[in-house]
Amino acid sequence: MGKTGYFIHRDFWKHEMGQGHPECPARLDAIEDRLLASGVADALERQEDIPLATLEQLLLAHTPEHVEHLQSLTQRLVADAPAGGPDHAQIDPDTSMNGFTMLAARRAAGAAVAATDAVISGQLENAFCAVRPPGHHACHDKAMGFCFFNNVAIGVRRALEVHGLSRVAVIDFDVHHGNGSEDILSNDPRVLMASIFQHPFYPFSGADHPAPNMLNVPVPAYTRGMEIREIVEMMWIPRLEDFKPQMIFVSAGFDAHREDDLGQLGMTGNDYYWITSRIRDVARRFADGRIVSMLEGGYNLDALADSVEQHLRVLADV
């Protein structure tokens with residue numbers, strides 16, 4: 001039986017975007033409480049010694065100018081704080097930084113790197129990274145949509161460039177299209193990205209003329225779980241089997257849950273259990289079971305906690 005890593009760090013709680021924002025530290029509290037109460041936590045290899053991503057690692061997916069811009073915003077926030085300066089720097093109407101955001105974002109990217117290394121080395125069979133902030137909207141040159149650095153893309157590029165893998169798959173089942181991941185990974189024949197997302201919906205991308213290595217499946221609001229399962233079985237699985245990935249990364253957004261107000265899709269915890277099982281089947285057939293899953297969306301706390309529990313029950317065989 002393989003080991004499942006669970007990557008978590010207290011820095012992920014320090015980032016916040018203001019009172020009432022749905023992407024809040026309480027998301028991690030909900031996950032932690034559920035895993036403890038359900039007993040799933042006992043089956044996981046808890047990993048809290050997560051290094052900060054280095055500049056070199058961030059540059060696997062981002063421009064130097066992007067990193068420097070976020071760093072300068074952080075420095076200004078910290079410098080102005082003693083004089084009563086603002087608590088947050090606004091990135092877009094929904095996304096802002098506080099003085100700890102850069103720390104949390106570098107730690108989240110560091111989790112992607114550490115999990116990738118541990119899974120490829122065989123220390124772990126698979127891993128789930130309970131990170132904040134999320135990453136799949138972060139483009140190579142800008143932050144947006146609650147995201148600052150693209151954790152999954154950094155992990156993918158590390159697997160390819162540092163570890164020398166030649167075929168890596170990305171699965172994204174967040175309710176929102178992972179436009180940042182597509183921006184960074186488009187037209188790389190070493191990568192196959194399969195995603196399903198509500199459309200038309202934020203960020204209003206992904207439906208028109210995707211690159212050949214992008215398998216985008218936009219679905220209308222109120223699509224239910226059984227319909228999504230059919231799409232996965234009929235469209236994702238054959239492409240993944242043809243591609244024969246050596247490793248799979250998951251952008252694990254749970255906001256397609258029917259109880260999540262930030263989307264209008266109809267998935268349940270049982271659907272996340274099923275879809276994770278299918279991903280794991282492919283990973284075991286072609287990739288020695290190697291999966292790194294990164295938390296993306298999911299904002300109804302009860303639904304998020306249940307969905308992560310189901311996701312981890314499959315990864316950890318419990």
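Modeller: To begin, M226 is found in helix α7, which covers residues 225–243. Please keep in mind that this is a predicted model.

Biologist: Is M226 buried or exposed?

Modeller: M226 is exposed: its relative accessible area is 56%, and a residue counts as exposed when that value is over 50%.

Biologist: And how far apart are the C-alpha atoms of M226 and D271?

Modeller: They are separated by 7.8 Å, although M226 and D271 are 45 residues apart along the chain.

Biologist: Changing topic, how many salt bridges are there?

Modeller: The count comes to 20 salt bridges.

Biologist: Which residue forms a salt bridge with R46?

Modeller: The partner of R46 is E48, and the closest N and O atoms of this pair are 2.4 Å apart. As for accessibility, R46 is partly exposed, with a relative accessible area of 42%. E48 is also partly exposed, at 45%.

Biologist: What about R284 and E125, how far apart are their closest N and O atoms?

Modeller: In that salt bridge the closest N and O atoms are 3.6 Å apart. R284 lies in helix α8 (residues 269–286), whereas E125 lies in the loop between α4 (101–121) and β5 (126–129), so the pair ties together parts that are 159 residues apart in sequence.

Biologist: Is E125 buried or exposed?

Modeller: E125 counts as buried, because its relative accessibility is 14% and the cut-off for buried is under 20%. R284, at 44% relative accessibility, counts as partly exposed.

Biologist: Which salt bridge do the side chains of R284 and D317 make, and at what N to O distance?

Modeller: The side chains of R284 and D317 meet in a salt bridge with an N to O distance of 3.1 Å. This pair links distant parts of the chain, since R284 is in helix α8 and D317 is in the segment after α9 (301–316), 33 residues apart. D317 is partly exposed, with a relative accessible area of 37%.

Biologist: One last thing: which residues do salt bridges that share partners join into one network?

Modeller: That network consists of R34, D306, E309 and R313, joined by salt bridges that share partners.

Conventions: Residues are numbered from 1 along each chain as its sequence is written. This is a predicted model: local features need pLDDT of at least 70, side-chain atom pairs count only at pLDDT 80 or more; totals for chains, interfaces and linings use all residues. Side-chain values use heavy atoms; hydrogens and water are left out. A salt bridge is a side-chain nitrogen of Lys or Arg within 4 Å of a carboxyl oxygen of Asp or Glu. Buried means under 20% relative accessible area, exposed over 50%, partly exposed in between (1.4 Å probe, protein chains only). Helices (H or I, at least four residues) and strands (E, at least two) are DSSP runs, numbered from the N terminus.
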